[in-house]
Amino acid sequence: GPHSAWDELALGQLNLPAEDEHEHFRHLLLVSEMWEKGAGDLDKAFDALAGAFKLDPDNEEARRALERLAESNGAWGQLVAVLDATIEATGNAERAVRLLIDSARVREKQGEAADAEARYLRALGMRPDDEAAMARLEVVYRQSARWGELATLLERRLHGLMERMPSGEGRKLRSLELADVYEKMGNPYEAIDAWTHVAREY
């Protein structure tokens, strides 16, 4: 049938000699496009790109190609599946944290805030002072008006052993926000305490 002809074409393309990783990646990219646009088989298009990405999860070009494929086909779930499989396979904690944050942002795009939050928290479990994960979590808590969690996170960012932010504009803004959050929560004593810190530092 027609599919087996596409399979043969893909196999032929993948078996072409490649001088280096980059050329091998170009072959995978071409095969992915062939499956997507020629054969109209999204699963196989993702498989080809996932192969390229897993070979080199730090490859920006592979990640962009996956993003484009997900965006043009509304296939964010498949993109998350590729990222998850890569997280499971990597032995590199720093890369795992980066991919967790990456997958969390995709989940936010899908409107899956609870799953995104779980991923940010998992990243922080591995690296408690990760700036990107904390900044995104702040946004998640602000958008859902979860003042208690936001206050706890801001406290960690201002006074935590590992998370403590250096002095500067970012720290000042969060000190002021913390006082504001406590006021919203109807906790005047904590608000006064937060303002005392602001006055002492600035």
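The expected span of a helix is 1.5 Å times one less than its number of residues. I applied this to a predicted model.

**Entry 1: helix α9**

I looked up helix α9, residues 147-159, and counted 13 residues. From the first C-alpha to the last, α9 reaches 18 Å, close to the 18 Å expected at 1.5 Å a residue. I then listed the buried residues of α9: Leu 150, Ala 151, Leu 153, Leu 154, Arg 157 and Leu 158. Viewed down the axis of α9, these buried residues fall within an arc of 165 degrees, so they line one face of the helix. An α-helix has 3.6 residues a turn, so residues three or four places apart point the same way. I noted that the cover over the buried residues of α9 includes α8 (131-143) and α10.

**Entry 2: Ser 175 in α10**

I placed Ser 175 in helix α10, which spans residues 169-184. The relative accessibility of Ser 175 is 6%; because buried means under 20%, Ser 175 counts as buried. Apart from neighbours within four places in sequence, I found Ser 175 in contact with Leu 158, Val 198 and Tyr 202. Leu 158 is also one of the buried residues of α9.

**Entry 3: the pair α4 and α5**

How do the axes of α4 and α5 cross? I found that the axes of α4 (residues 60-73) and α5 (residues 76-89) come within 8 Å and cross at roughly 150 degrees. Angles over 145 degrees count as roughly antiparallel, and α4 and α5 are therefore roughly antiparallel to each other. On the α4 side I recorded Arg 63, Leu 66, Glu 67, Ala 70 and Glu 71, which meet Trp 76, Leu 79, Val 82 and Leu 83 of α5. By class, this contact has six nonpolar, three charged and no polar residues.

Note on methods:
Residues are numbered from 1 along each chain as its sequence is written. This is a predicted model: local features need pLDDT of at least 70, side-chain atom pairs count only at pLDDT 80 or more; totals for chains, interfaces and linings use all residues. Side-chain values use heavy atoms; hydrogens and water are left out. Helices (H or I, at least four residues) and strands (E, at least two) are DSSP runs, numbered from the N terminus. Buried means under 20% relative accessible area, exposed over 50%, partly exposed in between (1.4 Å probe, protein chains only). Contact means heavy atoms within 4.5 Å. Axes are lines fitted to C-alpha atoms, for helices over the stretch in contact, and angles run from 0 to 180 degrees between N-to-C directions. Angles under 35 degrees count as roughly parallel, over 145 as roughly antiparallel, 65 to 115 as roughly perpendicular and the rest as oblique. Ala, Val, Leu, Ile, Met, Phe, Trp, Tyr, Cys and Pro count as nonpolar, Asp, Glu, Lys and Arg as charged, and the others, Gly among them, as polar. The arc is that of the directions from the helix axis to the C-beta atoms.
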